[in-house]
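Please read them alongside the coordinates.

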Amino acid sequence: MKNLIAVATCLLFAIVIVIVPSFLDSYSQVGLQESMGVFHQDVVGVSVVGQPVYKLYEDDKLVGIIDDKRVLDQHLDDIYQDKYASMFSDSHLNIGKNMYLVEELSHVVYQDVDDQIMDYLDQQNAYTIACKAISFSDQQGEYARIFVKSKEIYENALQKYLGYFVDEDTLQVINNHKRMSDLTGYGDMTVGYKINENIQISDAYASEDEIKMDEESVLRYLSYGDNENLEYYTTVEGDTLASIGLHNYGLTASQLLLINQDIVTDISMPLPVGTKICITYFTSPIDVYVYKQSLRKEDIFYDTSIVEDSTVPQGQTIIRQAGANGSKNVFYDETWVNGVLEDGKEISSVITANKQDELIASGSGSGVAIGTGSFAYPTDNPQIICNYGCYAGFESVDFINRYNRWGNILAVDNGEISEKGYDDELGYYIMIDHHNGYTSIYGHLFVASPLEVGTNVKKGDVIGMIGMSGAATGPHVTFHLLQNGESINACQVLMNCEGLSR
């Protein structure tokens, strides 16, 4: 038995002498190949029992093999405390975004270069900070992502952005899922909103220069995305928000007010000369849909009938029955996107006063279309974007169709087409002589009016389409009124413009 034990011992000793050196040599060759990173770590030994090692890669390139991960963890904590704790409280560091650790079991013992690897991380500033990622996606997937210091900073900035389009009290009611009160008077009321895109908040790591640190920078992103090329206009004497917008991309005064809330608090406030006004409208990564109800009082314009009467001298007219406009209350549903009215439809209407049509007796053979002296509006769903005198020398009224930017242009009264053509300022225009001392002119038509000079038109007839020909930066119709050849403000004479400016 003793002889057997002696033989076994000699055999094991021989195995160790012969096999282990070749085992060590084999691992040495593999280890040298694997450790040819930034740090050429020599193989210093071999272990029969595998030990965990941590290979640090940068962009798929081996940096080095960390012997003790606790060294890395402690180093990250030290750097955080020294450089970042004051700005990022209750946070922590990680290695750079383009770096990653791979844990492996290895029988090879490598040269310890942990300190050199930590120095390398410092030189590369290869650190990321725990933060929040805000990702924006639609049906096609994620299209934008930002990093913010905290969830609270983002949520506060989002509420401020929503506040551009929905007042704070209404936001609170909607966010708390409370019932909105009914609209009981003329005007509009927000009844709901939604963000059309999907927004997700998740934990993330990012470098310091990628992280938005405050509400202001997040609000700036929500307003304009990555657009850094904002345009500004410097005011001169006589400027108003309406006139500035009219000459810069057709922005409305309300739109300019939204994007300049820090310096302008009211549409009608005087603008000091030299004020810098932003004229770049929102280019937000999200679309905020706001749903409103609107109740408006609208005129029902009376019709005019002209009948030949042999008792009336030729070329003369007599009003047999005076006309009177009626009125109605009209209820609309409207959809606004990022503060711009995109759609509206009539839900219901109630007549509050019946119209009385006008009856005119005309001398036989006169053939003249005579105006009623009471004007309708030059567009359906009218809204005024620039009043008479909204800037120096402006002697017209600019109208848009609230619900159809390229809608019809309408004759404001009976009359005869007296002129049409093209002008560098007005673009395509058309002129109507109402044969009662008034002449109306309509500018910026989409194309030339199809009506010929000499054509008789009635109040409300379509005479063209809204456009932006000539010196216009957005679709609208410039309405100009002459009385005996002199410019006058139609809104102060023959047209009720109350409530049309917004």
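This is a predicted model: local features need pLDDT of at least 70, side-chain atom pairs count only at pLDDT 80 or more; totals for chains, interfaces and linings use all residues.

1. Cysteine 278 is buried, with a relative accessible area of 4%. Buried means under 20% relative accessible area, exposed over 50%, and partly exposed in between (1.4 Å probe, protein chains only).

2. Residues are numbered from 1 along each chain as its sequence is written, and side-chain values use heavy atoms, with hydrogens and water left out.

3. How many disulfides does a search of the whole structure find? It finds two. A disulfide here is a pair of cysteine sulfur atoms within 2.5 Å. With the bonded cysteines of the protein chain numbered in sequence order, the pairing reads 1-2, 3-4.

4. Cysteine 386 counts as buried because its relative accessibility is 0%. Cysteine 390 counts as buried too, at 8%.

5. Another disulfide joins cysteine 491 to cysteine 497, with an S to S distance of 2.0 Å. The torsion about this S-S bond is about -75 degrees, so the disulfide is left-handed. Both cysteine 491 and cysteine 497 are buried.

6. Cysteine 131 also counts as buried, at 6% relative accessibility.

7. Now strand S18, residues 382–386. Strands are DSSP runs (E, at least two residues), numbered from the N terminus. Five of the five residues of S18 are buried, so the strand is largely enclosed by the rest of the structure. S18 runs antiparallel to strand S19 (residues 397–401), and four bridges join them. Two strands pair if DSSP finds at least two bridges between them. Isoleucine 384 has phenylalanine 399 of S19 as its bridge partner.

8. Serine 440 lies in strand S23 (residues 438–445). Is serine 440 buried or exposed? It counts as buried, because its relative accessibility is 0%. Its side chain makes a polar contact with the side chain of histidine 434, at 2.8 Å. A polar contact is a pair of N or O atoms within 3.5 Å; within protein, one must be able to donate a hydrogen and the other to accept it, and residues adjacent in sequence count only if both atoms are side-chain atoms.
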